[in-house]
Amino acid sequence: ISPSSLNDLQMCRRYFKWRTWRKPESTEALDWGTLFHAGAEAYYKVLIPNRETLQPQPHSPLELGIAAIHSTAGNEVDIELIESVSSRFEEYVEFWRDDDFIPLEVEKTFSITLFENDKICILFEFIVDLIATWHGREVTVDHKTTGRFDKPKALTNQFQGMALALGNQVWMNRVGQHKNKPKNAELFERFPFDYSPSVLIEWRD
């Protein structure tokens, strides 16, 4: 079960069944997030220290990120949205130019057993956007593109599951989708979350 599926199940069993068998619709917000994630994946992969490559990269990490955004979009996404994501991605790279994150893994899949007996096994599966070191400490990073700037919630299925599985501090790397900077809000913010063992055990159980 994925974090989003678990959220649906906790909210409503009927809704969970409907979402499970229904093909997800493409929306501008989803496309925006998908394109930004594609750019971030290409960007951070190049920054992994001692990364084995067959030959030196002819393009900068930023250029590779922009290229990934365009190739992921193909011909099915509106060009205005593609340019919006590309522009925001450039701003993101510039904003975090002196980044303290040193990438170790990018877009890696994990799976842990939440419960198992003779009849059933419940696995919690998720993809980590970025595993990095931050001031010598290994952390788990999740990119969140959003049009809302509420205070983030720490006690989510996704973040608690990640913390339980990996034992790392979890960071939300928030990126605003707005065309202009909202009043009294930042387009780029990062929020670290720490969890005690008792909190994670309670969540798992």
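A polar contact is defined here as a pair of N or O atoms within 3.5 Å; within protein, one atom must be able to donate a hydrogen and the other to accept it, and residues adjacent in sequence count only if both atoms are side-chain atoms. The model is predicted, so that local features require pLDDT of at least 70 and side-chain atom pairs count only at pLDDT 80 or more, whereas totals for chains, interfaces and linings use all residues. Residues are numbered from 1 along each chain as its sequence is written, and side-chain values use heavy atoms, with hydrogens and water left out.

By the criterion for polar contacts, the side chains of aspartate 142 and glutamine 158 are joined at 3.0 Å. The side chain of aspartate 142 also makes a polar contact, of 2.6 Å, with the side chain of lysine 144. Aspartate 142 belongs to strand β3, strands being DSSP runs of E with at least two residues and helices runs of H or I with at least four, both numbered from the N terminus. With a relative accessible area of 3%, aspartate 142 is buried; the term buried denotes under 20% relative accessible area, exposed over 50%, and partly exposed the range in between (1.4 Å probe, protein chains only). Residues up to four places away in sequence aside, aspartate 142 touches Asp129, Gln158, Phe159, Met162, Trp171, Met172 and Asn173, where contact means heavy atoms within 4.5 Å.

The protein chain as a whole contains 7 helices and 5 strands, arranged from the N terminus in the order α-α-α-α-α-β-β-β-α-β-β-α. Of its 205 residues, 38% count as buried. Among contacts in the protein chain with a separation of 6 or more, 66% are between residues 24 or more positions apart. The accessible surface amounts to about 12,900 Å², and carbon and sulfur atoms contribute 51% of this surface; the areas come from the Shrake-Rupley method with a 1.4 Å probe, and for residues only the protein chains shown count as cover.

Nonpolar cores were examined next, a core being a set of buried Ala, Val, Leu, Ile, Met, Phe, Trp, Tyr and Cys residues joined through side-chain atoms within 4.5 Å. The largest nonpolar core has 28 residues, of which Leu35, Phe36, Phe89 and Tyr92 touch the most other members. Two or more residues of this core come from each of α3 (28-47), α4 (61-73), α5, β1 (101-116), β2 (121-134), β3 (137-146) and β4 (169-176). Beyond its neighbours within four places in sequence, leucine 35 is in contact with Ile69, Thr72, Ala73, Val77, Leu81, Ile82 and Val85. A second, separate core comprises 17 residues, including Ile131, Val170, Tyr195 and Trp203.

Aromatic pairs were assigned where ring centres of Phe, Tyr and Trp (its six-membered ring) lie within 6.5 Å, with planes under 30 degrees apart classed as stacked, over 60 as edge-to-face and the rest as tilted. Tyrosine 92 is buried at 1% relative accessibility, and phenylalanine 188 is buried at 7%. Phenylalanine 124 and phenylalanine 126 form a tilted pair, with 5.6 Å from centre to centre and 45° between the planes; both residues are buried. Ring pairs also link Trp32, Phe36, Tyr43, Tyr44, Phe89, Tyr92, Phe95, Trp96 and Phe188 into a cluster. Arginine 190 lies over the face of tryptophan 96, 3.7 Å from the ring centre, the criterion being NZ of Lys or CZ of Arg within 6 Å of the ring centre and within 35 degrees of the ring normal.

Strand β5 also contains proline 192, which is partly exposed at 42% relative accessibility. Proline 192 touches Gln169, Val170 and Trp171, not counting residues up to four places away in sequence.

Most residues other than glycine have a negative phi. Glutamate 107, in strand β1, has a positive phi of about 50° and is partly exposed at 25% relative accessible area. Histidine 135, in the loop between β2 and β3, has a positive phi of about 55° and is exposed at 60% relative accessibility.
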